[in-house]
Amino acid sequence: MPAGNRLGIASVAALVCALAPGVACADAIDGHWCAADGRVMTIEGPAILTPGGHQITGEYSRHAFSYVAPTGEQGAGATVAMILLNEETVRLDPGNGAAYEIWHRCDVIS
């Protein structure tokens with residue numbers, strides 16, 4: 001994505017944090033995320049391990065992340081966008097016309 005889009009994602013995240021009632025702005029989107037259906041992903045800065053197991057890079061800001069779904073994954077070619085709602089919750093837009101999804105931080109098993 002061009003640098004302007006990266007700035008757009010960060011700006012939207014900051015605006016949501018500043019203006020949206022009921023949206024808590026957590027520390028960072030980095031970490032392990034789980035969907036209710038068992039899919040998982042990991043975000044570390046601009047790197048993501050996608051639900052389909054691909055290690056790719058995307059557009060990162062502390063409270064938002066987006067990437068183009070790789071070939072072979074659900075919604076391939078669409079831009080997947082996520083915004084951190086609170087420390088434990090991410091809202092994911094699959095970018096292919098499907099409904100938003102809510103993902104939660106995965107439980108740590110030690």
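Residues are numbered from 1 along each chain as its sequence is written, and side-chain values use heavy atoms, with hydrogens and water left out. Because this is a predicted model, local features need pLDDT of at least 70 and side-chain atom pairs count only at pLDDT 80 or more, whereas totals for chains, interfaces and linings use all residues.

Trainee: Which side chain of opposite charge is nearest to Glu73?

Mentor: Glu73 lies in the loop between β6 (64-68) and β7 (79-86), where strands are DSSP runs of E with at least two residues, numbered from the N terminus. Glu73 is buried, that is, under 20% relative accessible area with a 1.4 Å probe and protein chains only. Glu73 has no salt bridge, meaning a side-chain nitrogen of Lys or Arg within 4 Å of a carboxyl oxygen of Asp or Glu. With Lys and Arg counted as positive, Asp and Glu as negative, and His and the chain ends not counted, the nearest side chain of opposite charge, 8.0 Å away, is Arg39.

Trainee: Which backbone nitrogen does the side chain of Glu73 reach?

Mentor: Glu73 touches Thr50, Pro51, Gly52, Gly53 and His54, leaving aside residues up to four places away in sequence, where touching means heavy atoms within 4.5 Å. At 3.4 Å, the side chain of Glu73 reaches the backbone nitrogen of Gly52.

How values were computed. Helix = DSSP H or I, 4+ residues; strand = E, 2+ residues; numbered from the N terminus. Buried < 20%, exposed > 50% of the residue type's maximum accessible area, 1.4 Å probe, protein only. Polar contact = N/O pair within 3.5 Å; in protein donor to acceptor, adjacent residues only side chain to side chain.
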